[in-house]
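Here is a short report on a protein model.

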There are 2 protein chains.
Amino acid sequence: MIDPLLEKLKHYTDLEKHEIRMLRAAPTQEKRLEKGDYIIKEGENPPAVHLIIDGWACRCKMLSDGREQVMGYLIKGDLCDLHVTLLSRMDHSIRAMTTTTVGMVPEESINRIIEDFPRLARALFWSLMVDEAIARHWILNVGLRSAEARVAHLFCELLVRFQVAGLIKGNTLEMPMTQANLGEALSLTPVHINRVLQRLRQKGLIILARKELTVVDPEGLKEVAEFDAVYLHLDKRLVNHKGELINKK
Amino acid sequence: MIDPLLEKLKHYTDLEKHEIRMLRAAPTQEKRLEKGDYIIKEGENPPAVHLIIDGWACRCKMLSDGREQVMGYLIKGDLCDLHVTLLSRMDHSIRAMTTTTVGMVPEESINRIIEDFPRLARALFWSLMVDEAIARHWILNVGLRSAEARVAHLFCELLVRFQVAGLIKGNTLEMPMTQANLGEALSLTPVHINRVLQRLRQKGLIILARKELTVVDPEGLKEVAEFDAVYLHLDKRLVNHKGELINKK
DNA sequence: CGATGGGTTGAGCTTGATCAAACACTGTGG
DNA sequence: CCACAGTGTTTGATCAAGCTCAACCCATCG
């Protein structure tokens, strides 16, 4: 059940047998959530860390006027709230965007990792820092880029993350979110997202229909997005010296 | 020399003698930088972690068209690049905004902490997560808030961070950055920053002149900013049950 | 079949950008 | 002490990207 996390941490370091055993032995309870359900809400302090086993979720936070900002997407293998082991309470919420299965890793397991499994602790550190880097670059995206580049950048990020996670083989991925959802993540109105998507389609960069995104021209898309995957800090075994993704067969 | 870091970590946990000794024993070399110098540049992989001992710095990243986004401010006691101990290279740069003194903590010291000082490791985890939370909320700020609320929010954040770090007593702090700098952080043009500042002054919320910011009406400023300090995950000993800062004498 | 949720289109508006010029402050050298 | 250069702030006029509001279309589903 904890295997998606193992897969992810393996990108950082080769885990040893006893470390894998330790993680596997952690008493993870599973929970199934429907689209729209909150995995954790702002202000809560749950006794376990949630791991996405399957499905999509997003970090989000609402302002008093009801408008919501999505601050990141979570996919298979991502930890939602390592936070709660150390910080008092959640400062944002996490919501399922599809039917989602989460695993709940008790806080003590995390504590044991930090105390007795320094290599695992290091791997957790690593995943935290990647999350932080992604968050920082989201600032860049929302702050500096045009609407078109913003959408393109998000698509590039998702494509690479899915490829690295081994969830897709080609350039096609499931995209459960509506145009309004995209707007929440990119700080654009649904109407404008719609127009931008049309432009990207016209340029022959993407196909997006019936909840499925195909990146037709990855290089072209990266160009309009000014996308540089360095910030995702990919597994060194998966990228070449120029930081480009190697196609493992 | 490493004391500003100690001060900061103490907000998370009471450190034990041998932990303090260990940190103090780390062979930190000091370095002095002038305004505008880069502490680390994107793409580099320095052999040591930089700690701000005195002065202001910012995380920043430039787009190909020359426009720059500031993704966070660093003050006394902040670690610039824990990243490099685990990630391959910097995905953004760090620039001194004033004359700044940094300490360089060798990578091995960090590694030893993770391996042999779990409580210190935990404290580092904590500071990383706070940084991440700040970055996430910066997304909110740039993405969702109006220009006026954005400026107000940044000022609130800085005020609280300086108060918590014990760098100021009242509501006045040094603000070395120009209006253009503020614009880079908030994704607004210098001209617009100027007009917003005038409005905040007119409302009697702030005084900002000759590199010095005084928050005249903290409550009012928090209101226009919709500021909620939860995301800064302050020392529990410094906040009351409602998350408000307690004035320690 | 109607209802519902999402996608698409159009018209007009607003926030903040752009461009350009003037002004204020600081420090320098004559 | 003044001229000046340089950096930062202020003001005004114009412009555009993206927002708002409103209608309409289309697919899916009970």
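The text below takes cavities and pockets, then record annotations, then helix packing.

This is a predicted model: local features need pLDDT of at least 70, side-chain atom pairs count only at pLDDT 80 or more, and totals for chains, interfaces and linings use all residues. Residues are numbered from 1 along each chain as its sequence is written, chains are lettered from A and ligands numbered from 1 in the order written, and side-chain values use heavy atoms, without hydrogens and water.

**Empty space**

Rolling a probe the size of a water molecule over the atoms shows where empty space is left. On a 1 Å grid over the protein atoms alone, a cavity is a set of points where a 1.4 Å probe fits but cannot get out. A pocket is an open set with protein on both sides within 12 Å along at least five of seven lines. Lining residues have an atom within 4 Å of a point. Points are joined across faces, edges and corners, and a volume is the space filled by probe spheres set on them.

The count is 8 cavities of 30 Å³ or more. The lining of the largest cavity includes A:Arg136, B:Arg59, B:Asp131 and B:Trp138. Strand 5 (68-74) and helix 5 (118-144) of chain B each supply at least two of its residues. Helices (H or I, at least four residues) and strands (E, at least two) are DSSP runs, numbered from the N terminus.

The second largest pocket has 31 lining residues; the closest to its centre are A:Lys8, A:Ile75, A:Asp78, A:Arg161 and A:Ala165. Helix 4 of chain A gives the most to this lining, with 7 residues.

| Space | Volume | Lining classes |
|---|---|---|
| Largest cavity | about 100 Å³ | 6 nonpolar, 1 polar, 5 charged |
| Second largest pocket | about 550 Å³ | 15 nonpolar, 6 polar, 10 charged |

Here Ala, Val, Leu, Ile, Met, Phe, Trp, Tyr, Cys and Pro count as nonpolar, Asp, Glu, Lys and Arg as charged, and the others, Gly among them, as polar.

**Annotated spans**

UniProt (unreviewed entry) places "domain: Cyclic nucleotide-binding" at residues 11-112 of chain A. That span is 15% helix and 38% strand. Residues 145-219 of chain A are 55% helix and 15% strand. Such annotations may be inferred rather than shown by experiment.

**Helix packing**

Helix 6 (residues 147-164) and helix 9 (residues 218-225) of chain B pack at about 130°, with axes 8 Å apart. Axes are lines fitted to C-alpha atoms over the stretch in contact, and angles run from 0 to 180 degrees between N-to-C directions. The two helices are therefore oblique to each other (under 35 degrees is roughly parallel, over 145 roughly antiparallel, 65 to 115 roughly perpendicular, the rest oblique).
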